[in-house]
Structures are given as structure tokens and as C-alpha cells.
Amino acid sequence: MAFINIYNVCILSLTLLITVSVSLADDKPADDISVEILKPAPEDCQRKSKRLDMVSMHYVGTLTDSGKQFDSSLERNQPFEFQLGTGQVIKGWDEGLLDMCVGEKRKLIIPASKGYGDQGAGELIPPKASLTFEVELISLKDGQAPPNVFKEIDVDGDKFLSQEEVSDYLKKQAAKAGDKVQENAEQHKEIITQIFNHEDKDKDGLISHEEFSGPKHDEL
């Protein structure tokens, strides 16, 4: 699934993930997402999606500029389930799928800053690409608060993540999953590079609590 946060693919579904208001105004700043209601919420809707909910979605993703489709859950006939508002998907989804009812359909136009940024994602999503998704909420249920991954990685407690700390954390998680990191040393190194390219916004070689887009708590 091309739209899923790249960390889900790169680090074996670990909880260190790449990375609410939705404006419907016509004159939106460039970083705002656009939301169009394709199918209104049912009149008997009793429950709307909120942060930490487990949601199940059908979606079709296309490149906004060309209209080229890069992914579709409908073609697989398999809805995608994830926890909303925890960084498991791109920021445009975490924002654009709030306050949604089961059965409702929306069209999201997501700028690169809330998609895959300047890096893009593989061969399907080029750098700085705006993305369009048609989404339908299939089901939702209450979810549990995620672990404070930032605190788990920040072993020395200095509120910054070094490459060594991130590397050690990923090695421990990979070991739990039965993956032999030493046999995939180059892949591991590339994952660390991708993480810091995305998360280290000021390029100082460290990931601050503010920069970190994975699960974290606000007590820092």
C-alpha cells in the first residue's frame, strides 16, 4: 500500500513512524488539506471518528497533477485498518479522516508537506507530490493510547534521539521479530538514513521531541 507511512515498510511494522483542524475554505494556505464530501454521513450517525480510534478504510490514491493511480484497497477488496492520529499514516490522513461517520465518503487533496514531502516514496510517488484520495470509512472502534516510542528510544533522557539510539532501538525490535540485522547491515544503515532524512528537520544530526512524528506523549 503505497500511501502507508514509509516506516511501516522499512522497519518491519515498528512503532517508530514517519510521519486537528481541516479547513474547507477556498483560499487555504498551501499546507492545508482540502476535504470534499462525496457521500454525506448517514442521518443516524451516532459516532464520529476521533484520535486514537481504530478505523477501517477503503481508498483510492492518485497523483493530483496527473491523475495516475498509485494504490487502491478496492482492487484488493481489502479495507486498510490503522489507528488514527498516531502517525501510522501520512499526516494528511491523520487530519482529514477526523469527525467522519461510518458510510461517509470524502475526497482528500493532500499537499506534499502532509504526504511524503520532498523525498517522495519509492517509484510510485515522486518528490513534492500532491496526493488525492477518495476514502470511505467502513468501521471504527475505540483504540488504546500508543506507547511513548520517543521515550523508549531516548535512552539517555536528553530529549534528543541520536543515530546510535535509533539504531539500537531498531535492532532490538528487529530481534524481537526474528530478523537478523547483521545479515541486513546495509538495509539497516539505509533505514537509519531515511529516518533522519525525514525526521531531522533542522539537519543537526539529532531528532528532537518536536521533530519526531512517531508516537510520543506531550509531557516532555
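The UniProt annotation "domain: EF-hand", from an unreviewed entry, covers residues 148–176 and 187–220; positions follow the numbering used here, feature names are shortened, and such annotations may be inferred rather than shown by experiment. The model is predicted, with local features requiring pLDDT of at least 70 and side-chain atom pairs pLDDT 80 or more, while totals for chains, interfaces and linings use all residues. Residues are numbered from 1 along each chain as its sequence is written, and side-chain values use heavy atoms, without hydrogens and water. Across residues 148–176, the end C-alpha atoms are 18 Å apart, and the span is 66% helix and 7% strand (DSSP runs numbered from the N terminus, helices being H or I of at least four residues and strands E of at least two).

Seven salt bridges were found in the whole structure (a side-chain nitrogen of Lys or Arg within 4 Å of a carboxyl oxygen of Asp or Glu). One of them joins lysine 50 to aspartate 142 at 3.1 Å, N to O. Lysine 50 lies in the loop between strand 1 (34–39) and strand 2 (54–63), and aspartate 142 in the loop between strand 6 (131–141) and helix 4 (149–153), so the pair ties together parts 92 residues apart in sequence. Arg47, Lys50, Asp53 and Asp142 are linked in a salt-bridge network. Lysine 50 is partly exposed at 39% relative accessibility, whereas aspartate 142 is exposed at 58% (buried is under 20% relative accessible area, exposed over 50%, partly exposed in between; 1.4 Å probe, protein chains only).

Aspartate 71 and arginine 76 form a salt bridge at 2.8 Å, N to O; aspartate 71 is buried at 7%, and arginine 76 is partly exposed at 37%.
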